[in-house]
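Look at the model shown here before reading on.

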Amino acid sequence: MYARLACWTLLAALVSASLPTVADPLVSLKDPTRDDDGPGVFKYPTDPVYKPGTFDITAFEVHRKGANLVFKVTVRSRITDPWDSRSWDGNGFSLQFAQIYVDQDHKDGSGFCEGLPGLNVKFKKESCWEKVVLISPQGRSRLKSEVRQKAAALEKGVVIPKVTRVKGKTLEAVVKARDLGGVPKKGWGWLVVMQSNEGYPDRNDLLTRKVNEYAGKHRFGGGSDWNCDPQVLDMVVAPGKGLDGEKEAQHKALAFTCNEADPDGSPLVELPMVYP
Ligand SMILES: [Ca+2]
Ligand SMILES: [Ca+2]
Ligand SMILES: [Ca+2]
């Protein structure tokens with residue numbers, strides 16, 4: 001009898017060792033702190049609601065939960081809701097707007113090679129994306145109508161989460177795995193970018209806050225008043241381990257030039273992805 005008990009105990013130990021625990025993420029990337037300055041020169045708006053660290057990504061994870069996936073983007077400071085998002089059908093925060101681009105085939109030119117309007121970015125040809133998950137304080141109907149009006153050509157790649165919520169310093173979005181095209185596989189590429197939610201965006205911008213030459217009350221500074229600069233505050237770069245060198249790699253990836261004669265005709269930056 002003791003032998004049988006020992007046998008069962010051993011079997012149970014083997015089974016539990018071979019099953020991933022619930023907390024094991026499918027994707028887990030880190031980002032260094034204090035690189036929420038885009039190409040190294042961007043400044044926060046001057047209004048005090050934009051507290052230091054608000055747009056500073058520190059971690060990104062994807063978890064599986066049954067038929068759903070939970071996307072988690074963590075920032076350096078506690079997430080606040082100064083504009084009372086519940087009063088406009090929002091999700092419990094006001095300031096952040098994270099976009100998670102996913103390359104599912106890593107083939108040159110396959111997928112969408114431009115960013116959503118308002119980011120002023122393109123993608124490297126080997127990293128054109130099939131899906132982008134929007135983590136925004138805006139409700140689903142506002143997101144849907146913005147995408148339809150301003151990004152109709154990209155609409156089939158846009159994933160609007162079922163639920164978006166806040167936990168401390170983390171934004172969480174629940175997405176049906178089916179809407180992403182399945183459970184994430186090895187070999188997929190990831191790009192997490194951080195922007196700021198703008199409820200009154202420019203005519204062509206998809207809910208993004210502008211980066212201008214000089215910071216204003218609700219405008220980032222350090223960029224250009226034209227559309228030659230990437231409107232990205234922070235992003236995750238390879239190897240996605242939060243190393244110091246990743247700051248430099250980000251600054252390089254987001255370095256932009258504006259042609260004096262035709263600033264809006266300047267070539268946009270081409271962003272790389274992380275293939276964990
Ligand atoms: Ca960061
Ligand atoms: Ca692709
Ligand atoms: Ca970064």
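## Strand β10

Strand β10 is mostly covered, with 8 of its 8 residues buried. A residue is called buried if 20 or more other C-beta atoms lie within 10 Å of its own, exposed if 12 or fewer, and partly exposed in between, with C-beta atoms placed from the backbone. Gly189, Leu191, Val193 and Gln195 point one way from β10, while Trp190, Val192, Met194 and Ser196 point the other way. The names of strands and helices come from DSSP runs, numbered from the N terminus: helices are H or I runs of at least four residues, strands are E runs of at least two.

The model is predicted: local features need pLDDT of at least 70 and side-chain atom pairs count only at pLDDT 80 or more, while totals for chains, interfaces and linings use all residues. Residues are numbered from 1 along each chain as its sequence is written, and chains are lettered from A and ligands numbered from 1 in the order in which they are written.

## Partners of β10 and β4

Two strands count as paired if DSSP finds at least two bridges between them. Strands β4 (residues 96–103) and β10 run antiparallel and are joined by 8 bridges. Glutamine 96 has serine 196 of β10 as its bridge partner. β10 also pairs with β11 in the antiparallel sense, over 2 bridges; here methionine 194 stands opposite aspartate 234.

β4 is also joined to β6, by 5 antiparallel bridges. In this pairing, alanine 98 has isoleucine 135 of β6 as its bridge partner.

## Strand β6

In β6 (residues 131–135), 5 of 5 residues are buried. Lys131, Val133 and Ile135 lie on one side, with Val132 and Leu134 on the other.

β6 pairs with β7 (residues 158–159) in the parallel sense over 2 bridges, and valine 132 stands opposite valine 158. Together β6, helix α2 (residues 140–150) and β7 make a right-handed β-α-β unit. Right-handed means that, with the strands pointing away from the viewer, the path from the first strand over the helix to the second runs clockwise.

## Helix α4

Which residues of α4 (residues 245–253) are buried? They are Glu246, Gln250 and Ala253. These residues are on the same side of α4 because they cover an arc of only 65 degrees around the axis, the arc being that of the directions from the helix axis to the C-beta atoms. The buried residues of α4 pack against β11 (234–235) and β12 (269–271).

## Core and loop

A nonpolar core is a set of buried Ala, Val, Leu, Ile, Met, Phe, Trp, Tyr and Cys residues joined through C-beta atoms within 7 Å. The largest one has 61 residues, and those touching the most other members are Phe71, Ile100, Trp190, Leu191, Val192 and Val236. Two residues are in contact if their C-beta atoms, placed from the backbone, lie within 7 Å. Not counting residues up to four places away in sequence, phenylalanine 71 touches Val62, Ile100, Val133, Ile135, Ala173 and Val175.

Glutamate 213 lies in the loop between β10 and β11. Glutamate 213 counts as exposed because it has 12 C-beta neighbours inside 10 Å. Leaving aside neighbours within four places in sequence, its contacts are Gly221, Gly223, Ser224 and Asp225.

## The whole chain

The chain has 4 helices and 12 strands. Of its 276 residues, 40% count as buried. Among contacts with a separation of 6 or more, 70% join residues 24 or more positions apart.
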